[in-house]
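I opened my notebook today to look at how the pieces of one protein fold pack together. Here is the structure I had on screen.

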Amino acid sequence: MSQTILITGCSTGIGKATALYFHEKGWNVVATMRTPEKGAELAALENVLVTRLDVTDPASITAAVDATLERFGQLDVLVNNAGYGAFGPLEATPIESIRRQFDTNVIGLLETTKAVLPHMRSRKSGVIVNISSVAGKMTLPIGALYHGTKFAVEGISEAMQYELDAIGVRMVVIEPGAIKTHFGDTSIDISNDESLTEYQPLVQSFTNAIGSFMENASEAVEVAEIIFESVTTDTPKLRYPAAGGAEDFLGARASMDDAAHKAHMKEMFGLS
């Protein structure tokens, strides 16, 4: 019997690439997104179910899990991929944007995980894959909210592995680096207030740096390949750096103390 994977955030980027890759490998795929009409390419494939799932809407999460079990009878892997990056000076960021960032990247991840655990616990089998980022281990200027959510994903994942062990389920954390579409139009939200002049050099430096940062970005399929490896390997581990220079970024951060890293980043961003 083919294994079944449910992936959130499949309209573009890593989510869509992962859905296509697992389909090619013969898996049943549940490709979820807020607007299923955007999933026509995936919906045309055999053994692919495209259905609505908005991680900020608990009813849609429950409905998607129910649809998965009705169609395929089991769920072997959940990939918590849906998310985006909120950037900007905190002082310029509306509280609604702050809540939306954490509701999507953290609370939504927890809600979706909680929804699949009863089924996985009953089978004493399954893998939860949380898409983190190198941004869960290192920070950029004006990224307090986005980095805060990804640092949270790292801690949640590391702590949850103990309770998952108790029910026969495995935790995986994927840490992509610079990935094409990862910071595309739908994946980044910058708040700014130009009247707050003190912050403008930071905002401008960030905007300039992200453009050059993405010039050498990896294709999303490279992350999909690592996700597949992580859930099928005979030698599992918790964390997987995933393309886009991830190992270099994480290695450099690990080699520096906080002061050295801050100085390095200020130099990189052209900040005094």
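In which kind of crossing, left-handed or right-handed, does helix 1 pass helix 7? I found that helix 1 passes helix 7 in a right-handed crossing (left-handed if the near helix is turned anticlockwise from the far one by less than a right angle, right-handed if clockwise).

Before going on, I noted that this is a predicted model, where local features need pLDDT of at least 70, side-chain atom pairs count only at pLDDT 80 or more, and totals for chains, interfaces and linings use all residues. Residues are numbered from 1 along each chain as its sequence is written, and side-chain values use heavy atoms, with hydrogens and water left out.

**Entry 1: helix 1 and helix 7**

I looked up the angle between helix 1 (residues 13–24) and helix 7 (residues 220–232), and it is about 55 degrees, with the axes 8 Å apart. Axes are lines fitted to C-alpha atoms, for helices over the stretch in contact, and angles run from 0 to 180 degrees between N-to-C directions. Helix 1 is therefore oblique to helix 7 (under 35 degrees is roughly parallel, over 145 roughly antiparallel, 65 to 115 roughly perpendicular, and the rest oblique). Among the residues in contact (heavy atoms within 4.5 Å), I picked out Ile14 and Phe22 of helix 1, and Val223 and Phe228 of helix 7. By class, this contact has 11 nonpolar, 2 polar and 1 charged residues (Ala, Val, Leu, Ile, Met, Phe, Trp, Tyr, Cys and Pro are nonpolar, Asp, Glu, Lys and Arg charged, and the others, Gly among them, polar).

Next I followed an open sheet of 7 strands, which has the order 3-2-1-4-6-7-9 and parallel pairing. Two strands pair if DSSP finds at least two bridges between them. Strand 3 (48–52) and strand 9 (239–242) stand at the edges, each with a single partner strand, so one side of each has no neighbour in the sheet.

How many bridges join strand 2 (residues 28–33) to strand 3? I counted 5, and Val30 has Leu49 as its bridge partner in strand 3. Strand 1 is joined to strand 2 by 4 bridges, and there Leu6 has Val30 as its partner.

I also checked strand 2 for cover: 6 of its 6 residues are buried (under 20% relative accessible area with a 1.4 Å probe, protein chains only; exposed is over 50%, partly exposed in between). Asn28, Val30 and Thr32 lie on one side, and Val29, Ala31 and Met33 on the other.

Terms used
Helix = DSSP H or I, 4+ residues; strand = E, 2+ residues; numbered from the N terminus.
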